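Let's explore a protein model together, one question at a time.

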Amino acid sequence: MLTKDIITDLYKKIPKKNVLSSVEERYVYSFDASDVQTIEKLPEAVVFVETIEQVQDIVKIANKHKTPIICRGAGTNTVGACIPTHGGIILNFSKMNKILDINPVNMTARVQSGVIVGNLQKEVEKFGLYYPPDPS
C-alpha cells in the first residue's frame, strides 16, 4: 500500500511526533476555508517540518513515491490551495516560524515559511514600519 510505504520512509527521516497518519488526523487536513462541500481525498500524511533538511528529505520521498506535496501554514487556510485533491503529503510549516532578520534600511524581512503575519507585524512595528498584507 502506497500510504504505508510513504509513512515508513517518513519515519526514517522525520521524528514520529511530527508525522500525522491516522485517518482522523489526515481528515482534519483535507479541507480549507473554501466552499468545497465534499472531501474526495485524504492526504497520505501530514508532516510538521522544523528544518530545511527535513523539507529536502520529504521532497525526495514524495518524488520517490510520485506523490504530490501540499504546503500549509498555521492553519487558517483562508488563502486556499491546501486541499489535497490528489492525496499527497501535507507539508506543515507552522514549526518553522522564526523571524530571521528585519532590515529597516532596506525595508525587508527574512522569515521562515511558518511565521504568523501578526507576529511579523508586531516585530516590524518596533522599527516604525508596517507590514501591509494583514489582514490579507
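Contact means heavy atoms within 4.5 Å. This is a predicted model, where local features need pLDDT of at least 70, side-chain atom pairs count only at pLDDT 80 or more, and totals for chains, interfaces and linings use all residues. Residues are numbered from 1 along each chain as its sequence is written, and side-chain values use heavy atoms, with hydrogens and water left out.

Q: Which residues does Gln54 touch, not counting residues up to four places away in sequence?
A: Start with the place of Gln54, which is in helix α3, residues 52–65 (helices are DSSP runs of H or I with at least four residues, strands are runs of E with at least two, and both are numbered from the N terminus). Leaving out residues up to four places away in sequence, Gln54 touches Ile14, Pro15, Phe48 and Val49.

Q: Is Gln54 buried or exposed?
A: Buried means under 20% relative accessible area, exposed over 50%, and partly exposed in between, using a 1.4 Å probe and protein chains only. Gln54 has 10% relative accessibility, so Gln54 counts as buried.

Q: Which residue of β4 does Phe48 stand opposite?
A: Two strands pair if DSSP finds at least two bridges between them. Strand β2 (residues 45–48) pairs with β4 in the parallel sense over four bridges. Within β4, the residue opposite Phe48 is Asn92.

Q: How many residues apart are Lys64 and Asp9, whose side chains meet in a salt bridge?
A: A salt bridge is a side-chain nitrogen of Lys or Arg within 4 Å of a carboxyl oxygen of Asp or Glu. For Lys64 and Asp9, the N to O distance is 2.9 Å. This pair links distant parts of the chain, Lys64 in helix α3 and Asp9 in helix α1, and the two are 55 residues apart.

Q: By how much of a helical turn are Lys12 and Asp9 separated?
A: The side chains of Lys12 and Asp9 meet in a salt bridge at 3.7 Å, N to O. Lys12 is exposed, with a relative accessible area of 64%, whereas Asp9 is buried at 10%. Because these residues are three apart in helix α1 (residues 2–13), their separation is about one helical turn.
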